[in-house]
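Here is a guided walk through one structure. Keep the sequence and the 3D view side by side as you read.

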Amino acid sequence: MALPMFDATNDPGPSFTALLQAEGFEAVAPGDLPGSIPHATTVVALRYADGVVMAGDRRATAGHAIAHRAMEKVFPADRYSAVAIAGSAGMAVEMVRLFQVQLEHYEKVEGVTLSLEGKANQLAQMVRSHLPLAMQGFVVVPLFCGFDLARQTGRIFGYDATGGHYEESDFQTNGSGGPDARTTIKLGYRDGLTRAEAIELAVLALYEAADADAGTGGPDVVRGIYPIVATVTVDGYTQVEEIEVAERFGAVIERRRELRGDAGGALR
Amino acid sequence: MSMPFYAPPEQVMKDRAEYAQKGIARGRSLVACVYDGGVLLVAENPSKTLHKISEIYDRIAFAGVGKYNEYDQLRVAGVRHADTKGFAYSREDVDARSLANLYAQYLGNVFTHEMKPLEVEILVAELGSGTRPTQLFHVAYEGTITDEDRFAVLGGEAETILDAFSGLFVDGWDLAAALKATTAALAGPGRVLGADSIECAVLAEGATRRTFRRLGDAELTDLLVD
C-alpha cells in the first residue's frame, strides 16, 4: 500500500467511503447466490431518563434453518452512539464496520466528532448507496441511537431500505419480530423510565418477539446465549453485563411459568 | 536557446538540506519518551487548535515539527493509510513501522525529485502490545529513519534538548516525572514552560481500543505541580 497522498483539487476530505472510492475499493454486487443468505431479525431501541437502551436477539436464519445462534446485532458506532441491524446479515455487518470506521476516520482527520444528526445522515447515505443490492433482495435496515451531547438527551433514528430516516420520539423496533416488540414497548412505555425499567421493557419486548416470530431467537438458557443489551448515556456506550441480562430474562421466564405461559396482564 | 547553469549534485543536495533545516529550525521543538504507563509526547505549542501531536490509530500517534501545512498533510495521509489498512485487513495489522517506512519513502522522494524539500521532521510512535515492542520512529526531512525505544527529540534545537533530556531520563518513571523532565528540557535553562504553552498527549495502557488521549490544561497543571 502506498502513502495515500492527494492534491488539493481531488482530496477525498474526511469521508472514509470517498477515500475507498479514490483508492479503487469497490463494493462487489453478487451475481447468482448459492442457496439462501442468513438474515438477522429483531432489534429494539427506547429512550429512558439517562439516555437510550438498545437490544437485539442473537439468531440468524437462512430460509427455515438457524444459521447462527450467537450473532451480534447491536454494535457501538462510536463512543456516544450505537447501531443495530436487521436484514441480510453479511452485508449488514459489513455496513456497520464501514460506518464505525467512517465515524472514527472523520474524527481523526477533522479533529472533532460529528454531531449525532451528522452521524445519522452518514448512515442514511450508506443505506441509500446499498439500494441496488436491496432491490435484489439483500435489504439492510439499521436502527441508530445515541446520546446527543449538545442537547443532553438520548435520540433514536429509524431507517427504511431506501435510506429514508426518521427521528423517533421515544422508541423504535426493526426486523421480522419488530411489530410484536413494538406493541410490547408501546403498552409498557412512559416518559422518564429508569435504567432498570427500560432494560426490563426491552427484554420483555424481545421475549414477546421471539414468542411470536420464528426468525427471532429467545433467551437460550441451555447454551447460555442471551440477547445483547446496551445503554448509551452521557458516559458513552456500555454493554449490559450478560449476567444482568440473564437475570432479567430469568425473571420473565419465572413469571410466565407460574401463569403457564400467559402474560397475565403484566406489562413489566 | 538558453542553457541551464550546471550545479553539481552535492551542491544541490547541500542547498536543499540547508533550506529544510532552516525551515525546521524556525519552529519549536518536541520531545517523546516512554513512561511506566505508555508513551508521552510533549511539544512547545501555544496554539490549542493547530496540533503538532495527533492520533493515527488505536496504538499509534503522530507528531510533527516544522511547517504546519506540510506535516498536517502527512498526518492526514497517515490516518488514511491506517484506516484503509485496518478496514481491508484487521485492526491489529496496522503497525507504525510500515507507516514510518512510507513516510520515509515519500520524504526521500520529495527531497531528491521536487523543487523544494518538505520542511518537516516527524515522529511515529507506537505503544507496544503482545508481539510488538513500543517504538518511536523518527523520520527526518530527507527521509532518514531512525527507531528509538526510550526517547526522541525533534526540531531545530534537537541536539541541545537531547543533551539535557538524556541526563534527566529515568527508566520506568511515572507520567508526572516524565512530563516535568520533558517540559524542563524543552524550556532550556532560564525559562519555564507552563501548561498553556505546551501541547501534550499520551498513548496510555488501559484503554480497550483507542489509547491516544490529549492532556488538557487542568490535568497538565496538576501534573506539573511538585
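**Helix H7 of chain A and its cover**

Among the elements of chain A that cover the buried residues of H7(A) are helix H6 (195-212) and strand S12 (228-233). Helices (H or I, at least four residues) and strands (E, at least two) are DSSP runs, numbered from the N terminus. A residue is buried if 20 or more other C-beta atoms lie within 10 Å of its own, exposed if 12 or fewer, and partly exposed in between, with C-beta atoms placed from the backbone. Two residues are in contact if their C-beta atoms, also placed from the backbone, lie within 7 Å.

A word on the source. This is a predicted model, in which local features need pLDDT of at least 70 and side-chain atom pairs count only at pLDDT 80 or more, while totals for chains, interfaces and linings use all residues. Residues are numbered from 1 along each chain as its sequence is written, and chains are lettered from A and ligands numbered from 1 in the order in which they are written.

Now look at H7(A) itself. It runs over residues 242-258 and has 17 residues. From first C-alpha to last it reaches 24 Å, close to the 24 Å expected at 1.5 Å a residue. The expected span is 1.5 Å times one less than the number of residues.

Which residues of H7(A) are buried? They are A:Val245, A:Arg248, A:Phe249 and A:Val252. These residues cover an arc of only 90° around the axis, so they sit on the same side of H7(A). The arc is that of the directions from the helix axis to the C-beta atoms. An α-helix has 3.6 residues a turn, so residues three or four places apart point the same way. On the other side of H7(A), the exposed residues are A:Ile243, A:Glu247, A:Glu254, A:Arg257 and A:Glu258.

Step just past the end of H7(A). There A:Arg260 takes a positive phi of about 55°. Most residues other than glycine have a negative phi. A:Arg260 counts as exposed because it has 7 C-beta neighbours inside 10 Å. A:Gln152 also has a positive phi of about 55°, although it is not a glycine. A:Gln152 lies in the loop between strand S8 (140-148) and strand S9 (153-159) of chain A. With 9 C-beta neighbours inside 10 Å, A:Gln152 counts as exposed.

Next, a helix pair. The axes of helix H5 (residues 178-188) of chain A and H6(A) come within 8 Å and cross at roughly 145°. Axes are lines fitted to C-alpha atoms, for helices over the stretch in contact, and angles run from 0 to 180 degrees between N-to-C directions. Residues that make the contact include A:Ala181 and A:Ile185 of H5(A) and A:Leu201 and A:Ala205 of H6(A).

Turn to chain B. Helix H5 (residues 175-187) of chain B has 13 residues, which should span 18 Å at 1.5 Å a residue; its end C-alpha atoms are 18 Å apart, which agrees. Its buried residues include B:Ala178, B:Leu179 and B:Leu186. The buried residues of H5(B) pack against several elements, including strand S1 (30-35) and helix H4 (158-168) of chain B. Just after H5(B), B:Gly188 takes a positive phi of about 80°.

Last, where the chains meet. The contact takes 12 residues from chain A and 14 residues from chain B. On the side of chain A that touches chain B, the largest share, four residues, comes from H2(A).
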